[in-house]
Amino acid sequence: MQDSIIPTMHFQPGLPRLPIPKLEDTCQRYLASQRPLLNDEQMAQTSKFVREFQTNEGQELQKELKAQDKRNKHTSYISGPWFDMYLRDRRPIVLNQNPFVAFKNDTRAEYNEPVIRAANMTVAAMRFIKTMRAGKLEPEIFHLNPEKSDTKRFRQIASWIPSRFAAYYGILNKAFPLDMSQYFRLFNSTRIPMPERDEFYTTPTARHLVVMKNGNFYAFDVLDKDGMVLPALEIYAHLKYIYEDTTPRPAHPIGFLTGEERSTWAKLRKHIVDTSEHNKATLDIIDTAAFCLCFDDVSPTDEVGLSRAFLYGDGGNRWFDKSFSLLLAKNGLMSVNFEHSWGDGVAVLRFFNETFKLSTESPAVSPGSSPASVDSSSLVKVLSFDLDDTAKEGIETAIASYNSRTSSLSMNALRYDRYGKKLLKQEGFSPDGIMQLSFQMAYYKQTGGKVGATYESCSTAAFKHGRTETIRPATVETLRASQAFADSSKSNEEKRKFLKDCSNKHNQLTKEAAMGQGWDRHLFALRSLAEQKGSHLGIFSDPAYSSICHIILSTSSIFSPAILAGGFAPVIPTGYGIGYFPEEENLLLGVTTYPDSPNGSEFAECVKESWDEIHDVLVSTKK
C-alpha cells in the first residue's frame, strides 16, 4: 500500500507523555464548566466542595497520581483506568459503545456491487495490514505547517534521527507525530466477555477472515503461509461463493449473544465452550479472524435507514465483539462498526481513509473480472455450533432483549444546504464552534431556557498512549448567545459578536483538550484513585458532579471526504446522540433518542431554526 521512508512506529518511543494538569487548573476549568448549568446557590455549594478538595484530599491524590505516572513511563496516566472503564461496563456494547461510520459510494455505480466492493475492500484491508506490520505505513503526523514538514526532505531527516529523539524533531518543525499504539488492535482482535471485567484478545499470526451472511459463519484464509495476500480474484471467488450460498438462517443465530448484557453473555459463552470442544474451536476461529465481514439483506435508501442498518442492524448477522466489522448492504452501501474499548477514532479513521482510497482508486477487482478457478467449497470453511437447550434459551432471550432495545431507539436526520463550513471559515468562525453553539441554541429553544451537560470528544493522540479528552461546549458564552438569539431586541451586529465570542471560546477549549488540559480525564483518574482507597469525597458526591457527568447532549464528528454518515446512540436514556458533519457547502446532522429523551425530531427542527438564524446574521453582517 505504501513504502514509507520513515518506519511506521519510528516516532513512538519519543512521543511526549500525556501531562497531568495542575490540580488548581483542573478545579478552575471544572467550575467554569459548571457555571452555565447551575444557579447561584448551587454554584456556591459546588465551589465549596471544590475548594475543600483542592486544599485537602485532592493534594494527596494528585501526589499519588503523579507517583503512579512516574512508575509507568511506558504509558499515560489515563490509559489503564480508561480501558478498565470500558471493560468493566456490564451494559450491552450495542448502542452503548459501538458506533458506525459509513463509506461514501464509489463514483462508478458498477463498482458498488456488494461482492465486488467486498473483495476490493478486503484486499485493501489486507494490504493495510501487511504495510503496517512491515513498518512501511506512513506514521500518523499532524502537520501545522505542511509546506515545511509534509516534504521528502523532512521525512528523510526524520528517518535518520534515532527513534527516541525523532518526535522532537517533528515538533520543532510543527509536525506532531500521533500515537499509533492502538493500531495493532485493529486486526485479529476481539473482546471476550467475562463475569466482571471483559478481556481484549489479539492474535496477529492468524491468517483468515470471517464472513457472515444470513446468520451463518464462513472462514477462509486471506494470507498464505508466507504472509502474502491471496490473489484478489481468489478472494473474490470465495466471497462470491459465500454471497450466493442459500443455506437457511439458523434457528438460533448466536450472533445475538454479542449484543447481550456482558455478564449474561459471559456466562452463556462459558457454557457453550464447556459443552463442546467443537464450539470452542469455532469461537477461536471467529475471535482470531482479521476482522468480520457481514453481508446484509437490506438496501437502505435514506439516512435513517442507513443508520439503523449500520448502528445495529440484524443482530443475528453480527459479531459486535470484533475490533471492527465491515458491513455490506445489498445496494453496495458499506460501513465500519467498531468496538470502542480498544481504541478511538484516530486508528479507525486512518484505516477507513486508506482502504477507501485504495479500493476506489486502484480496485483489484472490476465488474469484468472473472473469479479465480478455485474450489471455494473446500477452501471456505462453514462454521457451526452445537447448541443445547440452555444455549438456545439464552439466544431466544437475547433476541427479545435486542429487539426491544433497538426498536426503542428513534433516529432523525437533517441535511441543510444554505451554507456549510466554507462560509463559516470565510467569515472568521470555527465551523465546529458554531455547530456546537447551534446545539446549545436548539436545546435552549426546546426546553424553554435550559442548558444541558454536553460532551464532545477530542483526541489526545499527540501524546504516548493518549486516548481522548472531553471538550465541554456548554459555556457561559454559549448561554449568552442563546439568550441573545432569543431576544428580538438584539441587533444582528450584537449577535455576530456573540457568535465570535463562542467561536473563540470553543477554539480555546479545543486546544486545551488536545493538549491534555481538560478537566474530565484528570478528575476521572483522581476519582478512580479515591475509590480504590475507599474514600468518599464531597466533590464527587456533589449532585452537580453527577449532573455534569450525566451527558444530555453527546456529540461527535469525524472529518473525512470518504465519510457518508456516522452515528451512535445517546449515552443516557434521557439524552441525545448527535453525530454531525459540516461539509463545505452544507451541514449534516443525525440525532438518536430513546423514549425518555426529549423529542428528537423537535430538537432537529430547533437546530434547523438555529442554523437559519445564524445564516441570517452572517449574511446581513457579512464582511
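Q: In this predicted model, are Phe439 and Tyr580 buried or exposed?
A: Phe439 is buried, and Tyr580 is buried too. The label requires a relative accessible area under 20%.

Q: What makes the pair of Phe439 and Tyr580 edge-to-face?
A: The ring centres of Phe439 and Tyr580 are 5.2 Å apart, and the planes stand at 70°. Centres within 6.5 Å make a pair, and planes over 60 degrees apart make it edge-to-face. The rings of Phe439 and Tyr580 meet both conditions, so the pair is edge-to-face.

Q: Which parts of the chain does the pair of Phe439 and Tyr580 link?
A: Phe439 sits in helix α17 (residues 431-447) and Tyr580 in strand β17 (residues 576-582). The two are 141 residues apart, and the pair links distant parts of the chain.

Q: How many aromatic pairs does the structure hold?
A: The structure holds 28 aromatic pairs.

Q: Why is the pair of Phe128 and Phe351 called edge-to-face?
A: The centres of the Phe128 and Phe351 rings lie 5.5 Å apart, with the planes at 90°. The cut-off for edge-to-face is over 60 degrees. The planes of Phe128 and Phe351 pass it, so this pair is edge-to-face.

Q: What do Phe128 and Phe351 tie together?
A: Phe128 belongs to helix α5 (residues 114-133), and Phe351 belongs to helix α13 (residues 345-361). The pair therefore ties together parts that are 223 residues apart in sequence. Both Phe128 and Phe351 are buried.

Q: Which residues form one aromatic cluster?
A: Tyr30, Phe53, Trp519, Phe540 and Tyr545 form one aromatic cluster.

Q: Which residues of α1 and α2 meet?
A: From α1 come Leu23, Glu24, Cys27, Tyr30, Leu31 and Gln34. From α2 come Met43, Thr46, Ser47, Val50, Phe53 and Gln54. By class, the contact of α1 with α2 has 7 nonpolar, 4 polar and 1 charged residues.

Q: How do you know that Gln34 counts as buried?
A: Gln34 has a relative accessibility of 1%. Buried means under 20%, so Gln34 qualifies. Beyond its neighbours within four places in sequence, Gln34 is in contact with Met43, Thr46, Ala544, Tyr545 and Ile548.

Q: Which residues of α3 and α20 meet?
A: Leu61, Gln62, Glu64, Leu65 and Gln68 in α3 contact His522, Ala525, Leu526, Leu529 and Ala530 in α20. The contact of α3 with α20 comprises 6 nonpolar, 3 polar and 1 charged residues.

Q: Why does His340 count as buried?
A: The relative accessible area of His340 is 18%. The limit for buried is under 20%, so His340 falls on the buried side. His340 is found in the loop between β10 (334-338) and α13. UniProt, in an unreviewed entry, lists His340 for "active site".

Q: Which residues does His340 touch, not counting residues up to four places away in sequence?
A: His340 touches Tyr86, Gln97, Asn98, Pro99 and Arg467.

Q: Why is Tyr243 called partly exposed?
A: Tyr243 has 23% relative accessibility. Buried needs under 20% and exposed needs over 50%. Tyr243 lies in between, so Tyr243 is partly exposed. Tyr243 is in helix α9 (residues 232-243).

Q: How do you know that Thr360 counts as buried?
A: Thr360 is at 16% relative accessibility. That is under 20%, so Thr360 counts as buried. Thr360 lies in helix α13. Not counting residues up to four places away in sequence, Thr360 touches Asp106 and Arg108.

Technical notes:
Residues numbered from 1 in each chain as written. Predicted model: local features only at pLDDT ≥ 70, side-chain atom pairs only at ≥ 80, totals over all residues. Heavy atoms only, no water. Contact = heavy atoms within 4.5 Å. Helix = DSSP H or I, 4+ residues; strand = E, 2+ residues; numbered from the N terminus. Nonpolar A, V, L, I, M, F, W, Y, C, P; charged D, E, K, R; others polar. Phe/Tyr/Trp six-rings, centres within 6.5 Å; stacked < 30°, edge-to-face > 60°. Buried < 20%, exposed > 50% of the residue type's maximum accessible area, 1.4 Å probe, protein only. UniProt positions renumbered as here; feature names shortened; annotations may be inferred.
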